[in-house]
Amino acid sequence: MNSSSTPSRRLTPLDRLLDGTQRALDTVFGAPRAERANPAATEADVVLDETERRHAAGLMRINHVGEVCAQALYCGQAAVARDPATERHLLDAAQEETDHLAWCADRLRELDSRPSLFNPLWYGGSYAIGVLAGLRGDGWNLGFVVETERQVEAHIDEHLTSLPEADIRSRAILEVMKADEARHADNAEAAGARVLPPPIPTVMAAASKLMKAVAYRL
Ligand SMILES: [Fe+2]
Ligand SMILES: [Fe+2]
């Protein structure tokens, strides 16, 4: 996670409301700007046939939704975090996910496709889950970060196998995202994450499976 950043002053309720609203609108309707260069930029843009293009677009739409959910989850958790250090940790995590969001959006455009029509819904649902997790306490908050990042890392792995062989631009993006997500999980573990008890990881995996089935098409 990007820990360069902003001093860890406690945000006022109005700061949080404005910041949270701005982030939500940017994530769902805006065009978030990446701080790092797109890893696909140096790869050849190989022309895919129609079946390959549609499949790659479906997978990259899932990855884009995953990043929308990560932003929302972290912002929801940060809104109710008790310790300013945890709050900062969560907001910094959301910031670094912005690169992923922007890269996935770029690739969707290159594939003549678009983000999920349900992004406002995915954002709202994930934000609510984030708030509920955060209300359980900061160890739980970080436990959710670990579980989310590990699940995202696992589905990126599946996508790296499933993407059309020729789609080296999507693959370049996913390789960097996978390394980032693993680091995010490690950082949250080091910051004192609790291991989430059953059935929470199973419920999260089921919700993610539903999201993936819908987002592949819509
Ligand atoms: Fe991410
Ligand atoms: Fe992440």
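The side chains of Q77 and N141 are joined by a polar contact of 2.6 Å. A polar contact is a pair of N or O atoms within 3.5 Å; within protein, one must be able to donate a hydrogen and the other to accept it, and residues adjacent in sequence count only if both atoms are side-chain atoms. This is a predicted model: local features need pLDDT of at least 70, side-chain atom pairs count only at pLDDT 80 or more, and totals for chains, interfaces and linings use all residues. Residues are numbered from 1 along each chain as its sequence is written, chains are lettered from A and ligands numbered from 1 in the order in which they are written, and side-chain values use heavy atoms, with hydrogens and water left out.

Stay with Q77. Its relative accessible area is 0%, so Q77 is buried. Buried means under 20% relative accessible area, exposed over 50%, and partly exposed in between (1.4 Å probe, protein chains only). Not counting residues up to four places away in sequence, Q77 touches L90, G130, V131, A133, G134, N141, F144 and V145. Contact here means heavy atoms within 4.5 Å.

Q77 sits in helix 2. Helices (H or I, at least four residues) and strands (E, at least two) are DSSP runs, numbered from the N terminus. Helix 2 covers residues 50–80, which is 31 residues. The expected span of a helix is 1.5 Å times one less than its number of residues. Helix 2 is mostly covered, with 24 of its 31 residues buried. At its start, a side-chain oxygen of D49 comes to within 3.1 Å of the backbone nitrogen of T51.

Now move to Q71, also a residue of helix 2. Q71 is buried, with a relative accessible area of 2%. Its side chain makes a polar contact of 3.0 Å with the side chain of T98. Beyond residues up to four places away in sequence, Q71 touches R23, T27, A94, E97, T98, L101 and Y123.

The iron ion (ligand 1) is coordinated by E67 (OE), E67 (OE), E97 (OE), H100 (ND1) and E181 (OE), at 1.9 to 2.3 Å. Donors are N, O and S atoms within 2.8 Å of the metal (3.2 Å for Na, K and Ca); water is not among the atoms, so sites may look incomplete. The donor residues of this iron ion (ligand 1) follow the spacing E-x29-E-x2-H-x80-E in sequence. The iron ion (ligand 1) lies 3.7 Å from the iron ion (ligand 2), and E97 coordinates both. Distant parts of the chain are linked here: E97 is in helix 3 (residues 84–110), E181 is in helix 6 (residues 168–190), and they are 84 residues apart. Both E97 and E181 are buried.

Finally, step back to the whole chain. It has seven helices and zero strands. Its C-alpha trace spans about 50 × 35 × 30 Å along the principal axes. The radius of gyration is taken over C-alpha atoms, and the globule rule is 2.2 Å times the number of residues to the power 0.38. For 218 residues, a compact globule would have a value near 17 Å; the chain has 17 Å, which agrees. Buried residues make up 49% of the 218 residues. Among contacts between residues at least 6 apart in sequence, 87% join residues at least 24 apart.
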